[in-house]
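This report describes selected features of a predicted model.

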Amino acid sequence: MNGHGETSFLSLLIVILLAAAVPMITTQMKRIRIPIVVGEITAGIIVGKSGLNLVSDDPWLALLSTLGFSYLMFLSGLEIDFSALIGRRGQPLPNGRSRLRSPTTLAFISFLFTLAAALVLSTGLYKADLVRDPILMALILSTTSLGIVVPTLKERRELRTRYGQTLLVAALLADFATMLLISIYVIFHTNGLTPEMLAVLILLGAFFTVYRIILIAQRHSPLEEAYRRVSSAVSHLQARGAFAMGLAFIALAEQLGVEVILGAFLGGALIALLSNGDEGESSLREQLDVMGYGFFIPIFFIMVGVQFDLRALLSSSQTMLLAPLLIAMAYAIKLIPSLIFRLTYGWRQTLGAGLLLSSRLSLIIAAAAIGLDLGAIDPAVNSAIILLAIVTCTISPSLFNRIVPPQPPPREQQIVVVGGNREALLLVKRLAEADDPVILALPPGTSPPDQVPQGVTTASLNEISPAALRAIGAHQAKTLVALLEDDAANLRLCQIAKTTFGIRNVVARVLDSANVEAYAAIGAHPVTTTDSEVTVLENLASHPNVFTLLAEGKAGQEVVEVEMTNPALDGVPLHMLRLPGHALIMVIQRGGRLIVPWRETRLALHDVVSVLASPDEADEIQAMFTRHTA
């Protein structure tokens, strides 16, 4: 006995043993892939009140389950990528598609239709006396599972495609919006239309205020240096700070009378915003995941199963009808609004989107728990919602994979060199030696070279047209180099590459320096023979070591060129950046001038930063400089 009542260590031991055993069992199941969370809920049902009744009501388990619930919402916030919601500044829609067909707009319209459909069907349940609160039930049914959508898309290599981004934004919006709306509704349901409704705005205001304060502190050199000294002396300081941040927002939400899930969610989102894609981000997430998914969160899901009341579900024919009815409604609420995706995608992709977004898991269980505490739903409805979560998150990914054919592995972006002269052959040889995949496009009347370096594909270009260039794969190139013996032909190539295919890096040799401005006007990089020779001599005279490094390369490294669009890095001095590994900033292009970087050089939005890094570090550098955090 203690001050909290009777405590059974046996119940805690059973739950911990199940948390360790379930992943080992589910990963061995080859034919039917069951999410670990579903296995944990099922294990809880087996040992809980609906099964063997081996786990008793225990205050310690109740506390740990509550902590697991809050931690789950905290980690859900940590997964939110607001750049996917905001989009990238200045990024044009491909093929001239209207704004209506953008991923964010499609996701927003789909969510509004989802809310409307959920409200209509929930009102029908209310009139049939199957639920007590149609509005809360509509919000519960409007949720989706980001934790199912992301891994499914990632496994299929769809996450970075336009289709994958549309589904990702739709899931993000559904998670964040329903979380916010449920919190507001709980305040309204509890206190009515009172000044306390402003509590949510106060919580959001605290979120943005803390975010700005920490950003200012990060830019203040003495504070940054002090942080580094302390972090070197104290182990896991970032993880401790993240725990404190999450708990601070949970406590603030509790004091304001706001549902704590929103506070936990915002605490995690704040950590995600402040991470800036630096080298410590993955380490911090790993530490937080180990603590959450290794201990607290499995306890929450197992206890959800322990509390599952099968008897309440089977107590009457009316409640038995409710479970399949809710499952059918859950799919209808997502499938019908997903028809908006047909504006951009085919029928298979449209249907697949509705099925995948029908997955519900952690958030719907959390929302149902809130409704149960408020008395807005009864235990039978709560059990039916848990069953709904188990069914949808198990079968929805499988149906999605069957209906939407998997995309072939993405082709590696190549460098296309157009020309058949000595310079073109020498260039493709140098690029092949650097392990860059190259297409050598030969103009009419040009014979293929006797020896083609490994990694170089030759193709005949019969004419300079979008169709001819697409036929040789130029539309997928990351760089196009025009080395024809005619300025007009080279300019035409550059125009197609920039305006039709959207290739960012287009380089052309200019024979007549009077044509340089025409190339620059369309965003191509013109190079004249005289200029290139003088540039080489100048760099060899002024910066011999740096030029040799760039010209000859360094084993295992490449130059990554990225436009800085991350507002959080605007005005940040270079010595405060935490570049991954041994990456090195070589040069910064700002407007029409080049800046040689030093430790006090401050970044500015739309700087083009050239970084020497290993291929493994390239994606991390891209994310660091382009992430939108405000």
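R509 is buried, because its relative accessible area of 12% falls under the 20% limit. The model is a predicted one, and it holds two salt bridges.

In one of them, R509 pairs with E423, with 3.6 Å between the closest N and O atoms. The glutamate E423 is partly exposed, at a relative accessible area of 38%.

R509 also forms a salt bridge with E485, where the closest N and O atoms are 3.1 Å apart. With a relative accessibility of 54%, E485 counts as exposed, since the value is over 50%. Together, E423, E485 and R509 are linked in a network of salt bridges.

**Helix packing**

Two packed helices are described by the angle between their axes and by the distance between those axes. Helix 5 (residues 103–127) packs against helix 6 (residues 134–141) at an angle of about 135 degrees, and the axes are 8 Å apart. Helix 5 and helix 6 are therefore oblique to each other. The crossing of helix 5 past helix 6 is right-handed.

For helix 15 (residues 317–335) and helix 18 (residues 379–403), the axes come within 9 Å and cross at roughly 45 degrees. Helix 15 is therefore oblique to helix 18. Helix 15 and helix 18 likewise form a right-handed crossing.

**A buried loop residue**

V55 is located in the loop between helix 2 (36–47) and helix 3 (59–78). Its relative accessibility is 3%, so V55 counts as buried. The C-alpha atom of V55 is separated by 9.8 Å from that of Q307, although these residues are 252 residues apart along the chain.

**A nonpolar surface patch**

On the surface, L10, L13 and L17 form a nonpolar patch, and their accessible area together is about 310 Å². L17 is placed in helix 1, which covers residues 9–26. The relative accessible area of L17 is 51%, which means that this leucine is exposed, the limit being over 50%.

Terms used: Residues numbered from 1 in each chain as written. Predicted model: local features only at pLDDT ≥ 70, side-chain atom pairs only at ≥ 80, totals over all residues. Heavy atoms only, no water. Patch = residues over 30% accessible without salt bridge, like charges linked within 9 Å, V, L, I, M, F, W, Y side chains within 5 Å. Areas by Shrake-Rupley, 256 points an atom, 1.4 Å probe, with all protein chains shown as cover. Salt bridge = Lys/Arg side-chain N within 4 Å of Asp/Glu carboxyl O. Helix = DSSP H or I, 4+ residues; strand = E, 2+ residues; numbered from the N terminus. Buried < 20%, exposed > 50% of the residue type's maximum accessible area, 1.4 Å probe, protein only. Axes fitted to C-alpha atoms, helices over the stretch in contact; angles between N-to-C directions. Parallel < 35°, antiparallel > 145°, perpendicular 65-115°, else oblique. Left-handed = near helix turned anticlockwise from the far one by under 90°.
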